[in-house]
Amino acid sequence: MLTTQNNPDFFNVLTGANAHIVESSIIRLYSSLYGNDFIVDEVIGRKKARDIIYSVLQENPWQNDNSDTNFDNEKDKASYILRRLKDCGWIDFIMDRALLIKTFNFTKNGKKFAQTLYAASDEENISTRQRN
């Protein structure tokens, strides 16, 4: 099934003036769930996911575009990015009944593309084959 059939705005978050921030956020979120940064005992809820995006915003400057969104601080920007990722079908929050919090997870298509971005961002370990 085509990725954009259920979520027509799926790739929309990767466009615009702050696409590099969203891309870095996706990579960092993926790394915290599935990469070397994964901690078994740690549950990633909405607040922790926002804090991960907040750390990306600390490293990358936010560029104002022509949209109607005005932000008071970095936490608002991080919440906006998190909301956009959810609205576009990259991530989802699932209620953990044992801990009574909403836990963060990638959607099926979100995980596939986040894994591709994560692999492409690791320039040291890119494996390619030379065909002669």
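## Overall composition

Of the 132 residues of the protein, 31% count as buried (under 20% relative accessible area, against over 50% for exposed and in between for partly exposed, with a 1.4 Å probe and protein chains only). The model is a predicted one, in which local features need pLDDT of at least 70 and side-chain atom pairs count only at pLDDT 80 or more, while totals for chains, interfaces and linings use all residues. Residues are numbered from 1 along each chain as its sequence is written, and side-chain values use heavy atoms, with hydrogens and water left out.

The protein contains 5 helices and 2 strands, taken as DSSP runs numbered from the N terminus (helices H or I, at least four residues; strands E, at least two). Their order along the sequence is α-α-α-α-β-β-α. Among contacts (heavy atoms within 4.5 Å) with a separation of 6 or more, 61% are accounted for by residues 24 or more positions apart. The accessible surface comes to about 9,000 Å², and 45% of this area belongs to carbon and sulfur atoms; areas come from the Shrake-Rupley method with a 1.4 Å probe, and for residues only the protein chains shown count as cover.

## The strand hairpin and a nonpolar patch

Strand 1 (residues 91–96) and strand 2 pair in the antiparallel sense over 6 bridges, where pairing requires that DSSP finds at least two bridges between the strands. Ile94 stands opposite Thr103 in strand 2. The hairpin has 4 residues between its strands, and Leu100 takes a positive phi near 60° there.

Ile101 belongs to strand 2 (residues 101–106) and is classed as partly exposed because its relative accessibility is 35%. Together with Val43 and Leu99, Ile101 makes a nonpolar surface patch of about 230 Å². Patches consist of residues with over 30% relative accessible area and no salt bridge, with like charges joined within 9 Å and nonpolar side chains (Val, Leu, Ile, Met, Phe, Trp, Tyr) within 5 Å.

Ser25 is found in helix 2 (residues 19–34) and counts as buried because its relative accessible area is 0%. Leaving aside residues up to four places away in sequence, Ser25 touches Ile53, Val56 and Ile81.

Ser121 is placed in helix 5 (residues 108–121) and, at 39% relative accessibility, is partly exposed. The C-alpha atoms of Ser121 and Ile27 are 7.9 Å apart, although the two residues are 94 positions apart in sequence. The side chain of Ser121 also reaches the backbone oxygen of Tyr118 at 2.7 Å.

## Salt bridges

Side chains of opposite charge can pair when their charged atoms come close. The whole structure holds 5 salt bridges, each a side-chain nitrogen of Lys or Arg within 4 Å of a carboxyl oxygen of Asp or Glu. One of them joins Asp51 and Lys75 at 3.1 Å, N to O. This pair links distant parts of the chain, with Asp51 in helix 3 (residues 46–59) and Lys75 in helix 4, 24 residues apart. Asp51 is partly exposed at 23% relative accessibility, as is Lys75 at 29%.

Within helix 4 (residues 74–87), Lys77 forms a salt bridge with Glu74, the closest N and O atoms being 3.2 Å apart. The two residues are 3 positions apart, about one turn of the helix. Lys77 is buried, with a relative accessible area of 13%, whereas Glu74 is partly exposed at 23%. Beyond residues up to four places away in sequence, Lys77 touches Leu57, Trp62 and Phe71.

Lys86 forms a salt bridge with Asp92, with 3.6 Å between the closest N and O atoms. Salt bridges that share partners join Lys47, Asp51 and Lys75 into one network.

Methods. Polar contact = N/O pair within 3.5 Å; in protein donor to acceptor, adjacent residues only side chain to side chain.
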